[in-house]
Amino acid sequence: MAAAPRVAVFPSPRELGPALARFVAERAAAAGGRFSLGLSGGSLVELLARYLPEAAAAAGAAAAPARWLVAFCDERLVPPEHPESTAGAYRAQLLPRLPGPPPRVLAPVPGLAPDAAAREYAEQLRQAFPGEAIPVFDLLLLGVGPDGHTCSLFPGHPLLQEEEQAVAALTDSPKPPPARITLTLPVLSAARAVAFVATGEGKAAVLK
């Protein structure tokens with residue numbers, strides 16, 4: 001039986017950031033070996049870049065990033081140096097700051113058409129999670145948009161009906177840029193733990 005959801009409210013990102021970083025480090029240590037982590041973009045990048053390196057170092061060898069497998073929950077199909085690139089943002093801001101040897105990183109291949117990018121990324125996941133038709137992450141960190149979307153799964157979009165594929169492409173994202181790939185609901189549902197992280201007054205209504 002799934003654990004009951006827990007809600008934690010913080011006065012500001014200044015308090016949220018350290019608590020989130022400690023949560024990630026604790027989950028990494030508890031994994032007891034490889035720790036598979038799915039990351040979303042947006043405000044999460046800055047929060048994790050600021051606070052996670054220190055939390056990982058404080059947690060010791062059990063939470064060493066060298067044991068981590070890092071993937072991205074969705075990606076805008078833009079060049080990696082583009083400011084909208086989730087993988088590019090993490091490679092620039094977080095990954096170089098983590099202590100010790102770096103984690104293994106799975107990222108969509110730039111320059112592919114949406115369907116090809118989704119297939120290629122799904123193949124990376126199949127190789128990283130052998131024997132699992134749907135990859136089971138230890139932790140997914142997800143954002144929430146003001147419209148309630150998470151990853152690149154938007155309210156009312158046909159991708160919400162996907163039941164078999166781990167990765168899907170879309171070319172009609174309601175939020176630009178329109179071409180993206182995203183993990184699907186089966187992956188979100190299969191994860192051992194999922195944390196939705198939202199900041200700002202604009203997210204309050206949808207969370208309620």
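The exercises below concern a sheet and a pocket in a predicted model.

**Exercise 1.** Give the strand order of the open sheet and state which strands stand at its edges.

*Solution.* Begin with the order: the sheet has three strands, arranged E3-E7-E6, and their pairing is antiparallel. Next, look at partners. Strand E3 (74–76) and strand E6 (167–170) each have a single partner strand, so each stands at an edge with one side left without a neighbour in the sheet.

**Exercise 2.** Determine which strands helix H4 lies across, and its angle to E6.

*Solution.* Helix H4 comprises residues 114–128. The helix lies across E6 and E7. Relative to E6, H4 runs at about 165°.

**Exercise 3.** Characterise the second largest pocket by its volume, its lining and the elements that contribute to it.

*Solution.* Start with the volume: the second largest pocket holds about 280 Å³ of space. Its lining consists of 20 residues, of which Gly 41, Gly 42, Gly 143, Val 144 and His 149 are the closest to the centre. Then assign elements: helix H2 (43–59) and E3 are those that give two or more residues to the lining. Last, sort the lining by residue class: six residues are nonpolar, nine polar and five charged.

Definitions and conventions. Residues are numbered from 1 along each chain as its sequence is written. This is a predicted model: local features need pLDDT of at least 70, side-chain atom pairs count only at pLDDT 80 or more; totals for chains, interfaces and linings use all residues. Side-chain values use heavy atoms; hydrogens and water are left out. Two strands pair if DSSP finds at least two bridges between them. Helices (H or I, at least four residues) and strands (E, at least two) are DSSP runs, numbered from the N terminus. Contact means heavy atoms within 4.5 Å. Axes are lines fitted to C-alpha atoms, for helices over the stretch in contact, and angles run from 0 to 180 degrees between N-to-C directions. On a 1 Å grid over the protein atoms alone, a cavity is a set of points where a 1.4 Å probe fits but cannot get out, and a pocket is an open set with protein on both sides within 12 Å along at least five of seven lines; lining residues have an atom within 4 Å of a point. Grid points are joined across faces, edges and corners, and a volume is the space filled by probe spheres set on the points. Ala, Val, Leu, Ile, Met, Phe, Trp, Tyr, Cys and Pro count as nonpolar, Asp, Glu, Lys and Arg as charged, and the others, Gly among them, as polar.
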